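Here is my notebook for this complex, opened beside the viewer. Please follow along as I look things up.

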Amino acid sequence: MATVEMTFTPLPTHVRTARLVATAVARRSGVAEAFLDEVRLAVGEACSRAVEVHQEHCPEEPVRVALTGSSGRFEVVVTNSAAHGGDAGWQGAGSGAAPGQDGDSQNGIGRPSWAHVPAGPQNEGSTVTPAGTEGMASSGESTAPGFPPDLPQELGLAVIAGLADDVEVSRTGDGLSIRMSWPSGGTTG
Amino acid sequence: MDLKLGHHTTDGIEVVDVEGEIDVYTAPRLRELLIDLVNNGHFQLVVNMEKVEFLDSTGLGVLVGGLKRVRAHDGSLDLVCTQERILKIFRITGLTKVFGIHDSVDDAIASRKSEK
């Protein structure tokens, strides 16, 4: 059973609320202060993506977030209900792989071809390089061709993978869920 | 706080001051401002993010979009940011290689002037 479960109307204005709640529950669950910003950012990214997908495919369905703090882990699961046709941004994004399992895939969900996704905070220094940015050095040189239009979506998942200790994207009965977790110092009920 | 935006011209460069949170809800406003500035002929931009409290990939997309627009006019978009929690998302995404990121508005302006 989740420590906290919330659902919210898929509107951008509610993403901040989800971030705040997740951060508060993470703190109560004993997640180290140093990781709280990462929790906030990762949960925000997942919820933002879910909102965008819902707005496009099922605006009447709420986004679901389950927050669980137990057994030394704080886990967040964000589920969107757009099971088919609404998860294009997730397909090809997110390996379902635990840290270190680059290139693995679960449930037929692979990784964007451009993304080498670092596995969690322990890979400081590793980066994801969005396609189309290779020529965009800050020296003022002419730019490479433009960014793919869905850059923010895939970037969001890459950001999550770079922040969370463990990230898994999987299909659920209702749609698609992204699970991410961090170590926590305590347990809550 | 949501998002507070302002801009002013310094030495021919348009400085955009951003305060608050840049996320999926507030990013469109920043996007609109950057588009307006470019449409009004401002192609040398400095975005001051010292008072930004939160930035996600939506915000990154807006900044990248702004950079693309000014580059189309041989312009520039530099950032001012010293906050590690904001710089982290640039590092994770590799966008530190794309944007000039400076410690102060003065440094950003001086850097841009020296390249002319």
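**Terms and conventions.** I call a residue buried if 20 or more other C-beta atoms lie within 10 Å of its own, exposed if 12 or fewer, and partly exposed in between, with C-beta atoms placed from the backbone. Helices (H or I, at least four residues) and strands (E, at least two) are DSSP runs, numbered from the N terminus. This is a predicted model, where local features need pLDDT of at least 70 and side-chain atom pairs count only at pLDDT 80 or more, while totals for chains, interfaces and linings use all residues. Residues are numbered from 1 along each chain as its sequence is written, and chains are lettered from A and ligands numbered from 1 in the order in which they are written.

**Confidence.** I noted the predictor's scores for the complex, an ipTM of 0.89 and a pTM of 0.79.

**Helix α2 of chain B.** I started with α2(B), residues 57–71, which has 15 residues. From first C-alpha to last this helix reaches 21 Å, close to the 21 Å expected at 1.5 Å a residue; the expected span is 1.5 Å times one less than the number of residues. Is α2(B) mostly covered or mostly open? I found it mostly covered, with 11 of its 15 residues buried. Among them are Leu60(B), Val62(B), Leu63(B), Leu67(B) and Val70(B).

Next I looked at α1(B), residues 27–39, which packs on α2(B) at an angle of about 5 degrees, with the axes 9 Å apart. Axes are lines fitted to C-alpha atoms, for helices over the stretch in contact, and angles run from 0 to 180 degrees between N-to-C directions. The two helices are therefore roughly parallel; angles under 35 degrees count as such, over 145 as roughly antiparallel, 65 to 115 as roughly perpendicular and the rest as oblique. Contact here means C-beta atoms, placed from the backbone, within 7 Å. From α1(B), residues including Leu30(B), Leu34(B) and Val38(B) meet a set in α2(B) that includes Val62(B), Gly66(B) and Val70(B).

**Two positive phi values.** Most residues other than glycine have a negative phi. Asp11(B), no glycine, has a positive phi of about 55 degrees and sits in the loop between β1 (3–10) and β2 (13–22) of chain B. Asp74(B) also has a positive phi of about 55 degrees, in the loop between α2 and β4 (76–80) of chain B. Asp11(B) counts as exposed because it has 11 C-beta neighbours inside 10 Å, and Asp74(B) is exposed with 10.

**Over to chain A.** I read three helices and five strands here, in the order β-α-α-β-β-α-β-β from the N terminus. Of its 189 residues, 48% are buried.

**The core.** A nonpolar core is a set of buried Ala, Val, Leu, Ile, Met, Phe, Trp, Tyr and Cys residues joined through C-beta atoms within 7 Å. The largest one has 77 residues, and Cys47(A), Val78(A) and Val46(B) are among those with the most contacts inside it. Helix α2 of chain A (residues 33–57) gives the most to this core, 10 residues.

**Val15(A).** Which residues of chain B does Val15(A) touch, beyond four places in sequence? I found Asp23(B), Val24(B) and Tyr25(B), alongside Cys47(A) and others in chain A. Val15(A) lies in helix α1 (residues 15–28) of chain A and counts as buried because it has 26 C-beta neighbours inside 10 Å.

Definitions and conventions: Contact = placed C-beta atoms within 7 Å.
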